[in-house]
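Colleague: Could you walk me through this structure and tell me what the words for it rest on?

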Amino acid sequence: MMKTIYNKFDKAKIAALPRVLFKGRIVVVLTERDADKAVRYLLSQPILGVDTETRPSFKKGETHQVALLQVSSYDVCFLFRLNQLGMSPSVKRLLEDTRVPKIGLSLRDDLLSLHKLADFNAGYFIDLQDHMREIGVEDLSLQKLYANFFAQKISKREQLTNWEADILQDKQKLYAATDAWSCIMLYEELQRLEQTGDYELIKVDNDETSTAA
C-alpha cells in the first residue's frame, strides 16, 4: 500500500491523532550493578533507540546536566538515571559500543550533553534527521515525524517536568520510553520505504501545511 508523507507537517493536525505509547517493560536503573545487567541485555539486541532528558531551566542563565538516558529495544526500555548513577563504566561501555546501531534524533545535542558528564568515544549512532533529509522530509521533530509516518501522536506533555525528581512519575517513565522506542519504529519504516519505494512525498509550502494531513 502506497504511503503518503509530507516534506512539512502541520502541527495543528497532531492534536486530533490517536496517541501512541510504548507498550513494553520499563526498567529504572539506579546502580552500577543494574546498569551492567541492562547494558549486557541491550548489547545483545539488533537495534536500539536512544534519547536523553534534562531538567528544564526556567531562570535566565540557569542550566542543568543531563539527568536521564533512555535506551530501548523493541520491548524493553531502560531508564538510566544519570543524575544519581553518573557516567558509570557500564553506561560508558554502552555509549562506546560500535556493533549495535543506536537510533536517535538530533544526536549531536544528546552526545554533547553526555560528554559534559565524562569523556567517551561515541560508538555506532544513527541520527534520524540526517536520513529523513535524504528523502525530502523537512519537519524533523520527533512529534512531527511520527505523525507524518504513522498518523499517531507522541504527547510532549511531560517534557518540561523535573527529571531530577527523587522518584520519576509513571507518566514521565512512559514519556521517556516512548521517545526512545519510537526512534526504532521511525528508522525501520524509513528503511522499508526507501527499499520498496512504496511512498509518495508531497511537497507543501509553509502556508499550505494546514492541508497537509
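Modeller: Gladly! Let's begin with contact, which means heavy atoms within 4.5 Å. By that rule, and leaving aside neighbours within four places in sequence, Gln 70 is in contact with residues including Gly 49, Val 50, Phe 78 and Ala 176. This is a predicted model, where local features need pLDDT of at least 70, side-chain atom pairs count only at pLDDT 80 or more, and totals for chains, interfaces and linings use all residues. Residues are numbered from 1 along each chain as its sequence is written, and side-chain values use heavy atoms, with hydrogens and water left out.

Colleague: Why is Gln 70 called buried?

Modeller: Buried means under 20% relative accessible area, exposed over 50%, and partly exposed in between, with a 1.4 Å probe and protein chains only. Gln 70 has a relative accessible area of 0%, so the residue counts as buried. Its place is in strand S4; strands (E, at least two residues) and helices (H or I, at least four) are DSSP runs, numbered from the N terminus.

Colleague: What makes S2 and S7 edge strands?

Modeller: Two strands pair if DSSP finds at least two bridges between them. The open sheet of 6 strands has the order S2-S5-S4-S3-S6-S7, with mixed pairing. S2 (25-29) and S7 each have a single partner strand, so one side of each is left without a neighbour in the sheet.

Colleague: How do you know that S6 and S7 pair?

Modeller: They are joined in the parallel sense over 3 bridges, and the definition asks for at least two. Within this pair, Lys 102 stands opposite Phe 125 in S7.

Colleague: Why are the buried residues of H4 said to be on the same side?

Modeller: In H4 (residues 107-115), the buried ones are Leu 107, Asp 110, Leu 111 and Leu 114. They cover an arc of only 95° around the axis, so they sit on the same side of H4; the arc is that of the directions from the helix axis to the C-beta atoms. An α-helix has 3.6 residues a turn, so residues three or four places apart point the same way. Among the elements covering these buried residues are S3 (48-54), H3 (89-96) and S7 (125-127).
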